[in-house]
Amino acid sequence: MTIPDNWRKSSYSGSGDGNACVEVALGHPLISVRDSKTPARAVLTFPTSAFAAFLTALRNPPRL
């Protein structure tokens with residue numbers, strides 16, 4: 001598997017150097033995620049459908 005080169009940071013990544021965030025690289029059919037503080041370390045890769053379901057769950061948390 002190749003490591004993507006199109007990383008994007010959230011606009012909410014913090015002030016200063018803005019490295020208090022995760023970065024996401026969009027690639028079909030996979031989405032890659034890494035820690036912006038240590039980009040040379042592990043990259044997590046998910047199928048697009050699984051990542052979309054994860055984002056939906058974040059936007060709509062269950063009510064307890």
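Two strands pair if DSSP finds at least two bridges between them, and strands themselves are DSSP runs of E with at least two residues, while helices are runs of H or I with at least four, numbered from the N terminus. With that in hand, look at β2 and β3: they run antiparallel and are joined by 6 bridges. Keep in mind that this is a predicted model, where local features need pLDDT of at least 70 and side-chain atom pairs count only at pLDDT 80 or more, while totals for chains, interfaces and linings use all residues. Residues are numbered from 1 along each chain as its sequence is written, and side-chain values use heavy atoms, with hydrogens and water left out.

**The sheet**

- Let's start with the overall layout: 4 strands make an open sheet in the order β1-β2-β3-β4, with antiparallel pairing.
- β1 (7–9) and β4 (44–47) are the edge strands, each pairing on one side only.
- On average, neighbouring strands of this sheet are turned by 30° against each other, direction ignored; for such angles, axes are lines fitted to C-alpha atoms, for helices over the stretch in contact, and angles run from 0 to 180 degrees between N-to-C directions.
- Helix α1 (residues 48–59) packs on the sheet and touches β2, β3 and β4, where contact means heavy atoms within 4.5 Å.
- The direction of helix α1 makes about 95° with that of β4.

**How the strands are joined**

- Strand β2 (residues 22–27) runs antiparallel to β1, and 3 bridges join the two.
- R8 has V24 in β2 as its bridge partner, and K9 has E23 in β2.
- β2 and β3 form a hairpin, with 2 residues between them.
- A25 has S32 in β3 as its bridge partner.

**A closer look at S32**

- You will find S32 in strand β3 (residues 30–35).
- S32 counts as buried because its relative accessibility is 5%; buried means under 20% relative accessible area, exposed over 50%, and partly exposed in between (1.4 Å probe, protein chains only).
- The side chains of S32 and T45 make a polar contact at 3.3 Å, that is, a pair of N or O atoms within 3.5 Å; within protein, one must be able to donate a hydrogen and the other to accept it, and residues adjacent in sequence count only if both atoms are side-chain atoms.
- Not counting residues up to four places away in sequence, S32 touches several residues, including P4, W7, V43 and L44.

**Another serine, S36**

- S36 sits in the loop between β3 and β4.
- S36 is buried, with a relative accessible area of 8%.
- A polar atom of the S36 side chain lies 2.5 Å from the backbone oxygen of C21.
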